[in-house]
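Please consider the protein shown here. This briefing covers its overall architecture, its surface and the confidence of the prediction.

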Amino acid sequence: MDRLLHKLTKENLSRRQTDKKNYNRKILLGSIVASLVAGTPFLFYLYEYVPDTQEWDTIFGTYKSIEYQSANAAMWILAMKMVPLLLSFIWFFTCRHWWYHALLVPITMFSFQCITALNFDARYLDVADIIWFLPIMAIVFPSIYLIRAKMFNKINYADKTMEELEEEFMIKPKTIWGKVKQYF
């Protein structure tokens, strides 16, 4: 009897330590995410430290602004695209609702705009970008509608609450890498 009690006590202690470690990791990760969200205005205004010249020498190489005539203006345009992209990624990876796949549309849009702003140094940005997003929207929107229809069908035939159905349809990978892997 003493051995069993000792074994149970050891298991309870190890479980508590594991729970405490997981809780500490969640607190640390939550703090990092909250700091990133709170720091986005500072990230946005980093463009002000870029010189107002056509060429800008950095440790990564030289950036030459062709169409904008100013590296400062080019970085301002890039900041206008990168900050919403960062916030969309944070929202996507921390969202606990069944509809979080809809966030792939703005993520794709901001990603495409960032690539366009970086690569082409184009005169006309954000003109006909919707054509590039149609294939993604053609997949995401029907998928969300089908999940919603399935949920409401189950509501009609079962005694489950909306929260229980959201939990049932929610894909919960344990890590961020697991969440990324579920798409590939």
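The points below are grouped by topic.

This is a predicted model, in which local features need pLDDT of at least 70, side-chain atom pairs count only at pLDDT 80 or more, and totals for chains, interfaces and linings use all residues. Residues are numbered from 1 along each chain as its sequence is written, and side-chain values use heavy atoms, with hydrogens and water left out.

**Architecture**
- The secondary structure comprises seven helices and two strands; helices (H or I, at least four residues) and strands (E, at least two) are DSSP runs numbered from the N terminus.
- Along the sequence, the elements follow the pattern α-α-β-β-α-α-α-α-α.
- Among contacts (heavy atoms within 4.5 Å) with a separation of 6 or more, 54% link residues 24 or more positions apart.

**Confidence**
- The mean pLDDT, the predictor's confidence in each residue from 0 to 100, is 76, and 69% of the residues score at least 70.
- Among the elements, helix 2 has the highest mean pLDDT (91), while helix 6 (residues 162–169) has the lowest (67).
- Where pLDDT is low, the predicted coordinates should not be read in detail.

**Surface and burial**
- The accessible surface of the protein is about 13900 Å², and carbon and sulfur atoms account for 65% of that area; accessible areas come from the Shrake-Rupley method with a 1.4 Å probe, and for residues only the protein chains shown count as cover.
- Of the 184 residues, 26% are buried, where buried means under 20% relative accessible area, exposed over 50%, and partly exposed in between (1.4 Å probe, protein chains only).
- Cys-95 counts as buried because its relative accessibility is 7%, and Cys-114 likewise counts as buried because its value is 5%.
- The count of disulfides (pairs of cysteine sulfur atoms within 2.5 Å) is zero.

**Nonpolar patch**
- Leu-28, Ile-32, Leu-36, Leu-43, Leu-46 and Tyr-49 make a nonpolar surface patch of about 620 Å².
- Helix 1 (residues 2–38) supplies the largest share of the patch, three residues.
- Leu-46 lies in the loop between helix 2 (40–44) and strand 1 (55–58), and counts as partly exposed because its relative accessibility is 47%.

**Phe-42**
- Phe-42 is located in helix 2 and counts as exposed because its relative accessibility is 67%.
- Phe-42 and Val-83 are 41 residues apart in sequence, with a C-alpha to C-alpha distance of 10.0 Å.

Notes:
Patches are made of residues with over 30% relative accessible area and no salt bridge: like charges are joined within 9 Å, nonpolar side chains (Val, Leu, Ile, Met, Phe, Trp, Tyr) within 5 Å. A salt bridge is a side-chain nitrogen of Lys or Arg within 4 Å of a carboxyl oxygen of Asp or Glu.
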